[in-house]
Amino acid sequence: MDGPLRVRAARPGDLESLVDFNCRLARETEDHELDPATVRRGLTRLFDNPAAGFYTVAEQEGRVVGCLLITFEWSDWRDGWLWWIQSVYVVEAARRLGVFRQLFEHVREKAETDGDVRGLRLYVERGNGRAQATYASMGMAEAPYKLYERYFP
């Protein structure tokens, strides 16, 4: 991929790219097929409710080539917000070219200048060594927690 990379806030016009990216992400990382209509509804609700989070996208030659989602967690221990990085996706042709690094640096700078954000967090699959090495190279450290979850139908 050629041309400069531009990082910006996602807009409703990016909806179909984000639907596609999330479906690809689930397929690639968990061998799971998402329902595009459900993902579209979820993204639409997010755009309609910025208190829930926001997407940042990387654009090259007028095409969205990567994204990440930020959601919020209040920390009473830190009297501030923790931003969770989620739904990270970079199109295959743009991988290993610094797209995620630029997305990360963009949100890191935004978080550091916010004044009420105390840190960034993310979770990564245990077997995804490449992603873990990338996150470590950006100054993130493995937390001493295990993640437990329970979903509801």
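**Exercise 1.** Determine whether Thr-56 is buried or exposed.

*Solution.* The relative accessible area of Thr-56 is 2%, so this residue is buried (buried means under 20% relative accessible area, exposed over 50%, with a 1.4 Å probe and protein chains only). The model is a predicted one, in which local features need pLDDT of at least 70, side-chain atom pairs count only at pLDDT 80 or more, and totals for chains, interfaces and linings use all residues. Residues are numbered from 1 along each chain as its sequence is written, and side-chain values use heavy atoms, without hydrogens and water.

**Exercise 2.** Check which span helix α2 should have against its end C-alpha atoms.

*Solution.* Helix α2 covers residues 36-48, 13 residues in total. The expected span is 1.5 Å times one less than the number of residues. This gives 18 Å, and the end C-alpha atoms are 18 Å apart, so the two agree.

**Exercise 3.** State which residues of α2 are buried and which are exposed on the other side.

*Solution.* Val-39, Leu-43 and Leu-46 are buried. They lie on the same side of α2 because their arc around the axis is only 55°, taken from the directions from the helix axis to the C-beta atoms. Arg-41, Arg-45 and Asp-48 are exposed on the other side. The cover over the buried residues of α2 includes α1, β2 and β3.

Key. Helix = DSSP H or I, 4+ residues; strand = E, 2+ residues; numbered from the N terminus. Contact = heavy atoms within 4.5 Å.
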